[in-house]
Amino acid sequence: MATSSGEYVIPTGSRSDHDGPQAPVVIQVFAQTDVGRTREHNEDSYIVVNLSEGEPLRFERLVEQPADPAATLFMVADGMGGAAAGEVASATAVDVVLRHLREKLSEKRGPEPVELVGELTHAAEKANWSIFQQAVNRPELRGMGTTATIAVLLNDTIYLAQVGDSRAYLVRAGIATQLTKDQSLMQKLIEAGELTEEEAALSERRNIILQALGPEANVKVDLTMQPVRRGDVLLLCSDGLSGQVRPEDMARIVDEELDLSVACDRLIAMANDQGEPDNITVVAARFEGRGLGVARSTDQVGYREFRNAPPVEEVPPPPEVNDTAVTQPWPITSTVDDERRRRGRFYSRIIIAIGVLIMAFAVWRWLA
């Protein structure tokens with residue numbers, strides 16, 4: 001595909017038997033991250049990689065390539081924890097996920113969906129354990145964590161693993177539909193009917209997430225899937241983008257820009273113009289080719305749980321710490337339990353307070 005400068009870009013190392021316009025599925029992809037206008041450093045990480053090759057793509061300009069027969073990985077991670085801890089957590093997540101999937105899938109051509117989703121789950125669990133261990137053994141990293149939105153394209157379907165509140169959208173026919181579900185307090189209140197999506201977007205508590213990779217020894221990975229059609233665009237982003245840019249604006253910008261590198265520039269600029277204080281990261285991939293069907297009005301787009309997920313692997317016991325080694329900064333079991341109880345009390349108080357406000361409002365309306 002021609003970029004805005006007129007150059008055609010095909011990443012080096014692509015396999016000749018899948019190159020060119022005759023490839024069943026062709027991906028046009030670009031990724032970009034921005035520190036934002038407030039933060040001093042960027043705690044987001046991202047990656048796009050063909051698992052059979054293993055080397056992450058570099059994005060000086062738009063890249064066009066055939067879909068990888070062993071699967072193509074897209075990932076965004078939004079770190080948290082202060083100082084450099086967030087950067088450590090998100091970078092660790094990306095590194096561990098890539099190494100695990102490359103080890104398990106790089107030599108395969110077309111793994112079965114259940115196997116692929118199983119490896120996605122195990123990759124996220126390994127990343128969680130690795131981040132948790134680092135925080136145990138390094139006091140300055142205590143409390144760090146990261147969200148993770150992991151998407152893998154295999155044939156004509158995207159499989160997703162989700163932890164936290166980074167998001168994946170599918171843009172089709174001028175509409176951006178969220179494929180993932182936030183693991184957040186606001187999402188729980190929306191599902192409980194206590195808040196509307198509009199009210200949740202304005203809440204001061206909208207950044208409270210219920211899960212992340214790293215803070216606890218175990219994590220629950222949300223697994224979903226979405227078939228893709230010709231012309232579909234996958235957007236992965238940190239909440240630095242989704243918290244400021246509405247889905248309808250995402251869809252409009254993607255539809256207006258054939259070159260996704262320009263679309264990413266515009267999306268990040270819009271988030272900054274809205275006063276976003278956080279880091280902003282976006283990965284955008286358009287899917288074309290004869291191997292994909294044409295979109296139909298009867299197609300279902302949106303959150304779709306993957307039903308045949310494998311059982312969760314047991315997390316190994318915490319490592320023994322030698323007396324001469326770095327002292328373990330806190331008891332693992334009691335800290336996890338205490339943190340869960342603290343979170344439970346905190347969320348219960350919020351829900352009770354909301355209930356009291358609703359009842360008070362109802363009484364006031366009745367008396368009026």
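The dialogue below goes from the sheet to the helices and then to the charged side chains.

A: Keep in mind that this is a predicted model. The general idea for a sheet is that strands pair through backbone hydrogen bonds, either parallel or antiparallel. Here six strands form an open sheet in the order β3-β1-β12-β11-β8-β9, and the pairing is antiparallel.

Q: Which strands stand at the edges of the sheet?

A: They are β3 (63-66) and β9 (175-178). Each has a single partner strand, so one side of each is left without a neighbour in the sheet. From one strand to the next, the twist averages 25°.

Q: How many bridges hold β1 and β3 together, and what is the bridge partner of Ile 27?

A: The two strands pair in the antiparallel sense over four bridges. Ile 27 has Gln 65, in β3, as its bridge partner.

Q: Which helices pack on the sheet, and which strands do they touch?

A: Helix α6 touches β8 (167-172), β9, β11 (233-237) and β12 (280-288), and its direction makes about 55° with that of β8. Helix α7 packs on the sheet too, touching β1, β11 and β12, with its direction at about 30° to that of β1.

Q: Which residues of α6 are buried, and what do they pack against?

A: The buried residues of α6 include Asp 249, Met 250, Ala 251, Ile 253 and Val 254. What they pack against is β8, β9, β11, α5 (239-242), α7 and β12.

Q: Is β11 enclosed or open to the outside?

A: Five of the five residues of β11 are buried, so the strand is largely enclosed by the rest of the structure. Both of its faces are covered: Val 233, Leu 235 and Cys 237 lie on one side, Leu 234 and Leu 236 on the other, and all are buried.

Q: How does β11 pair with β8 and with β12?

A: Five bridges join β8 to β11, and the two run antiparallel. Within this pairing, Ala 168 stands opposite Leu 236 in β11. The pairing of β11 with β12 is also antiparallel, over five bridges. There, Leu 235 has Ala 284 of β12 as its bridge partner.

Q: Arg 167 lies in strand β8. Is Arg 167 buried or exposed?

A: Arg 167 counts as buried because its relative accessibility is 19%, and the cut-off for buried is under 20%.

Q: What does the side chain of Arg 167 meet there?

A: Its side chain has a polar contact of 2.7 Å with that of Asp 182, and another of 3.5 Å with that of Gln 178. Leaving aside neighbours within four places in sequence, Arg 167 is in contact with several residues, among them Thr 149, Thr 180, Leu 235, Leu 236, Cys 237 and Ser 242.

Q: How should I read charged pairs, and how many salt bridges are there?

A: Side chains of opposite charge can pair when their charged atoms come close. In this model the count comes to 14 salt bridges. One of them joins Arg 37 and Asp 273, with the closest N and O atoms 3.2 Å apart. That pair links distant parts of the chain: Arg 37 is in the loop between β1 (26-34) and β2 (44-50), while Asp 273 is in helix α7 (residues 260-273), 236 residues away. Both Arg 37 and Asp 273 are exposed.

Q: Where do Arg 252 and Glu 256 lie?

A: An α-helix has 3.6 residues a turn, so residues three or four places apart point the same way. Arg 252 and Glu 256 both lie in helix α6 (residues 247-256), four residues apart, about one turn of the helix. Their side chains meet in a salt bridge, at 3.7 Å from N to O. Arg 252 is partly exposed, at a relative accessible area of 33%, and Glu 256 is partly exposed at 44%.

Q: What is the N to O distance in the salt bridge of Arg 266 and Glu 257, and which network do they belong to?

A: The distance is 2.8 Å. Arg 266 counts as partly exposed, at 27% relative accessibility, whereas Glu 257 is buried, at 18%. Salt bridges that share partners join Arg 246, Glu 248, Asp 249, Arg 252, Glu 256, Glu 257 and Arg 266 into one network.

Terms used
Residues are numbered from 1 along each chain as its sequence is written. This is a predicted model: local features need pLDDT of at least 70, side-chain atom pairs count only at pLDDT 80 or more; totals for chains, interfaces and linings use all residues. Side-chain values use heavy atoms; hydrogens and water are left out. A salt bridge is a side-chain nitrogen of Lys or Arg within 4 Å of a carboxyl oxygen of Asp or Glu. Buried means under 20% relative accessible area, exposed over 50%, partly exposed in between (1.4 Å probe, protein chains only). Two strands pair if DSSP finds at least two bridges between them. Axes are lines fitted to C-alpha atoms, for helices over the stretch in contact, and angles run from 0 to 180 degrees between N-to-C directions. Contact means heavy atoms within 4.5 Å. A polar contact is a pair of N or O atoms within 3.5 Å; within protein, one must be able to donate a hydrogen and the other to accept it, and residues adjacent in sequence count only if both atoms are side-chain atoms.
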